[in-house]
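Hi,

Here is the structure I said I would pass on.

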Amino acid sequence: MSASATRKTLAVLVLIPVVVALALWAFAWPAARIAPRDLPIGVAGPATATAPLEQRLAERDGAFEVHRYDSEAAARTAIEDRVVYGAAVVTPQGPELLTASAASPVVAGLLREAVTAQLPPGTQVTVTDVVPAPAGDPRGSAFGAGLFPLILAGAASGIVVTVLGLRGARAAVTLLGAAALAGIVGASLAHSWLGVFAGDWWAEAGVLGLTVLAIGAAIAGLAALIGKPGIGVGALTMILLGNPFSGVASAPELLPAPVGALGQWLPPGAGGSALRSVAFFDGAGAGSALLVLGAWVVAGLTALLVGGRRAKAESEPTAGPAAEPATVG
């Protein structure tokens with residue numbers, strides 16, 4: 001065996017275990033450590049009645065970020081505005097728990113367990129789902145599973161544009177068109193066919209397309225700046241980090257720190273949060289996620305245009321000095 005073949009064999013033997021370790025760390029570790037971490041929830045009712053419950057929730061080692069409301073109506077508004085995931089309401093008839101399974105079925109179930117555990121044994125709790133998950137996806141499993149195809153579509157668009165050698169404005173227009181079509185197809189399948197979404201159709205298509213564009217532009221922009229290694233860096237960032245760190249299947253506040261916060265600064269996490277807002281909450285709470293997606297789009301397309309101009313300038317032959325006409329002696 002030649003020295004070159006030996007080096008390649010050793011590289012594969014080292015690379016595969018490293019990739020496996022990174023993948024397990026990125027995908028399995030956050031899933032194995034799911035627990036509430038500063039999860040925003042509300043407590044509503046007279047202060048004297050809610051104080052014991054509020055204190056017990058606050059004592060759970062930073063598990064909950066407790067917001068206090070004077071009335072059930074105020075707590076409902078906070079849930080609908082995506083300020084809190086749910087609220088415990090103390091009423092003369094007994095305790096009531098307000099949840100929003102559309103925000104996260106996992107969190108809704110967790111809140112039922114947490115609030116019940118803080119009440120005297122045998123206490124009956126009335127549970128009201130303020131913003132329920134759609135009938136077509138009551139457990140939210142389809143919504144969570146739908147993120148990965150978006151990542152693949154975005155990565156594929158950035159990779160194909162690069163491999164085909166498209167540059168500058170042509171590459172940017174291609175990415176825009178592909179993202180727009182992906183958004184329309186995605187909304188047609190998820191909203192019109194499967195019933196996974198329940199919001200404004202065009203808003204959902206817009207967020208889907210923007211997410212695909214942010215991922216595709218980031219990968220193509222990196223490739224335009226640093227060459228083909230940019231494809232690998234961009235794809236690994238979106239797939240290996242962006243997907244498991246997004247919190248779409250549970251909630252960002254259930255992931256270990258700083259994974260949950262980091263995921264919201266990447267297009268998959270921001271896209272998932274924005275999509276949940278427009279699909280179930282009339283766009284409430286989507287502002288910051290849309291800003292993140294917009295920033296990735298601007299940065300990616302700018303890099304794509306700059307890299308295209310640089311490549312064009314490098315490919316153009318440098319004009320030499322004009323040849324002097326020959327003289328007849």
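Predicted model: local features only at pLDDT ≥ 70, side-chain atom pairs only at ≥ 80, totals over all residues.

Is Ser273 buried or exposed? The cut-off for buried is under 20% relative accessible area, and Ser273 has 18% relative accessibility, so it counts as buried. If you skip the neighbours within four places in sequence, the residues in contact with Ser273 are Arg82, Gln264 and Ala289.

Another serine to look at is Ser4, in helix 1 (residues 3-32). With 32% relative accessibility, Ser4 counts as partly exposed, since that class lies between the 20% and 50% cut-offs. From Ser4 to Ala21 you go 17 residues along the chain, and their C-alpha atoms are 26 Å apart.

Now the chain as a whole. I get twelve helices and five strands for its secondary structure. What about the radius of gyration? The chain comes out at 26 Å, whereas a compact globule of 329 residues would be near 20 Å. Along the principal axes, the C-alpha atoms fill a box of roughly 115 × 50 × 35 Å.

On burial and surface: 42% of the 329 residues count as buried. The accessible surface of the chain is about 16,700 Å², and carbon and sulfur atoms account for 66% of that. As for charges, there are 18 positive and 20 negative ones, and their mean positions lie 14 Å apart.

I also checked how far along the sequence the contacts reach. Taking those between residues at least 6 apart in sequence, 71% join residues at least 24 apart.

Then the inside. Which residues have the most contacts within the largest nonpolar core? That core has 75 residues, and the ones in question are Leu39, Phe64, Leu111, Leu175, Phe197 and Phe281. Helix 8 (residues 201-226) is the biggest contributor to this core, giving twelve residues. As background, nonpolar side chains tend to be buried together in soluble globular proteins.

Cheers

Note on methods:
Residues numbered from 1 in each chain as written. Heavy atoms only, no water. Helix = DSSP H or I, 4+ residues; strand = E, 2+ residues; numbered from the N terminus. Rg over C-alpha atoms; globule rule 2.2 N^0.38 Å. Buried < 20%, exposed > 50% of the residue type's maximum accessible area, 1.4 Å probe, protein only. Contact = heavy atoms within 4.5 Å. Areas by Shrake-Rupley, 256 points an atom, 1.4 Å probe, with all protein chains shown as cover. Lys, Arg positive; Asp, Glu negative; His and termini not counted. Charge placed at Lys NZ, Arg CZ, Asp CG, Glu CD. Core = buried A, V, L, I, M, F, W, Y, C linked by side-chain atoms within 4.5 Å.
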